[in-house]
Amino acid sequence: MSDPILSVRDLVKHFPITRGVLFRKTIGQVHAVDGVSFDLHPGETLGVVGESGCGKSTLAQVLMRLEPPTSGTVTFDGEDLFAKSGAALKAWRRDMQIVLQDPYTSLNPRKTVGDIVGEPFEIHPEVAPKGDRRRKVQELLEVVGLNPEHIRRYPHQFSGGQRQRIGIARALALRPRVIVCDEPVSALDVSIQAQVMNLLGELQTEFGLSYIFIAHDLGVVRHLSDRVAVMYLGKIVETGDSESIYERATHPYTQALLSSVPVPDPSLRGKREVIRLTGDVPSPADPPSGCRFRTRCPKAEAICAEQEPPLVPGGSSDHPSACHFAEVRQILPVA
Amino acid sequence: MAPLLEVDDLRVEFGRGADTASVLNGVSYRVEAGETLAVLGESGSGKSVTAQTIMGILDTPPGRITGGAVRFKGEELLGADRERRRLLRGESMAMIFQDALSALNPVYTVGAQIAEQFRFRRGMSKKDAMVRAAELLDQVKIPNASQRVREYPHQFSGGMRQRAMIAMSLALDPELLIADEPTTALDVTVQAQIMELLDELRRERDMGMILITHDLGVVAEVADRIAVMYAGRIVEEADAATLYAHPAHPYTRGLMASVPRLDSSRGQLDPIPGLPPSLTNIPPGCPFHPRCAHAEDRCRTEVPALRQLDDPAAGPEGHRAACHFAERFVAASPEEVLTP
């Protein structure tokens, strides 16, 4: 396999919890991302799934260098990402872009679509000389399936799906190699969501992009991802290629997630295996000892509170799974 | 006997003059006691406005009911006075909303908000009402109900707030519960818990339930009957098994082809092209025709009526669709790609 384009090792991001105004004291830490490692190869899509508060969006922000990490390393093309500064940092920003979830708040309402999509060229004028920008922006609009004539319109004149296309055009402007997609289709209606997902797939083939695709919808992730990482309370609990995660999940959390997703087929009603988790996700400010999932896990035993299970293949698992009792369980009906 | 709830040719508009948005254009459905009717549709299809009109909480203005009827056990509600509607709310019909945090009052305890109904509608003392509130929280499976009844909404997690709102809606034993996207804001593991709870309560109390959602998965798991809405109309209606096995309206078929399935791997999705119509400018004829691969001249001029189809595989309620060519589709499974 080719060298990874992005390599993440033991990435940690803690946010301090403070009290007091004059004398600020740190009274705790929110363990948003707590030791995450993965590789992303060129042309590949890594899906990151997990419920709210599992740290998937913080992960995106640290990878984009919007937040400094607490510890850990990320290398991009073999170079240390957090060591970059000045011109090297600016040059790297061209290679990695982000598409955000909410197309209503991630576009400036006072700018025209032309300004929004063309703004990256203002910051990186070497990509497109000034006289050439309008044409470039129109090309981009066409690539994402918008009418190039609409370059002077404002975001409010577009529907949600069209706005998400504008966000994608903006991310594509500098010809990046990696795009982080943070819940890019969750705010869209099903029929529009399918259009945007197809577009992301087509763009990947056309431009050889690598995606980190963050979402909570397991169906969407399966559809777009080559590999999947399942996160729970700041850690990856199971990772592997899509097929092994969806068909041979070995971590009880992944199994519970898969069993909770309603399948659009009434003939399967009551025939599927149901694993119901009780309670809510514990606070990331005070995660449980040992395995973080143990408080909701149907399999938990004494060892789970004492020892943190490593993310390695084990038991009957052919892919890394952080569980002392990992075993394959068929959750989804065999197609 | 009259059905529990009957919505008949309901029409609602917003705004005036050239900007008039026709939000509901003749919506009809029925719900019986103990039955779950799922109303499926995308944003702007009118599913929530229908629910608000049934509950009598539609803001008028800007909304305007221009026609139709809503009958609860045979009693016409649209002409009823405010006091009568107020009495029916809570007592006979109740509603739960998507966003429990904004539906609950942040400055009162959860218990006080539930107890309020017992105090004002049942004349109970403050103390007795709080005891009843705790019982209700216990029924919706909130642990430590007797303590949590004194907590504020912000101290509850998302799933618990939804449970608290369900408890509140059930306080006066309504016969009809309208659940408007009750699990859309929740994580899947919590969503599964809440849907199970709702289904259990409906069965125990023999309530009629209208489940409003855009999620084809949720619908498949709990609905008895399904009504699909598009541009303020019901475009298809059938029992759940029939609708999923052989959808008869091209829009329903398109929706099903748009959903990425958990149990099958990568490949192109087959989305519906284009956008839903603007409600201020609904296309003539069938409102779906600009996005429909099968549209013919007739579709551009003549509005298709919602009519009973000859579908031998359908349940006793039959199978209705608003498409001129529904017969062409009804025999085909949703996976079959029909060439226009």
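Over residues 6–258 of chain A, what percentage is helix and what percentage is strand? The chain there is 36% helix and 28% strand, counting DSSP runs of H or I of at least four residues as helices and of E of at least two as strands, numbered from the N terminus. The end C-alpha atoms of that span are 28 Å apart.

Some ground rules. This is a predicted model, where local features need pLDDT of at least 70 and side-chain atom pairs count only at pLDDT 80 or more, while totals for chains, interfaces and linings use all residues. Residues are numbered from 1 along each chain as its sequence is written, and chains are lettered from A and ligands numbered from 1 in the order in which they are written.

UniProt, in an unreviewed entry, lists residues 6–258 of chain A as "domain: ABC transporter"; such annotations may be inferred rather than shown by experiment. For chain B, UniProt gives that name to residues 5–256, also from an unreviewed entry. That chain B span is 42% helix and 26% strand.

Now the sheet in chain A. Six strands form an open sheet in the order E6-E7-E8-E3-E9-E10, with mixed pairing; strands pair if DSSP finds at least two bridges between them. Strand E6 (96–99) and strand E10 (235–241) are the edges, each pairing on one side only. Within the sheet, E3 (residues 45–49) and E9 (residues 227–232) of chain A pair in the parallel sense over four bridges. Val49(A) has Val230(A) of E9(A) as its bridge partner.
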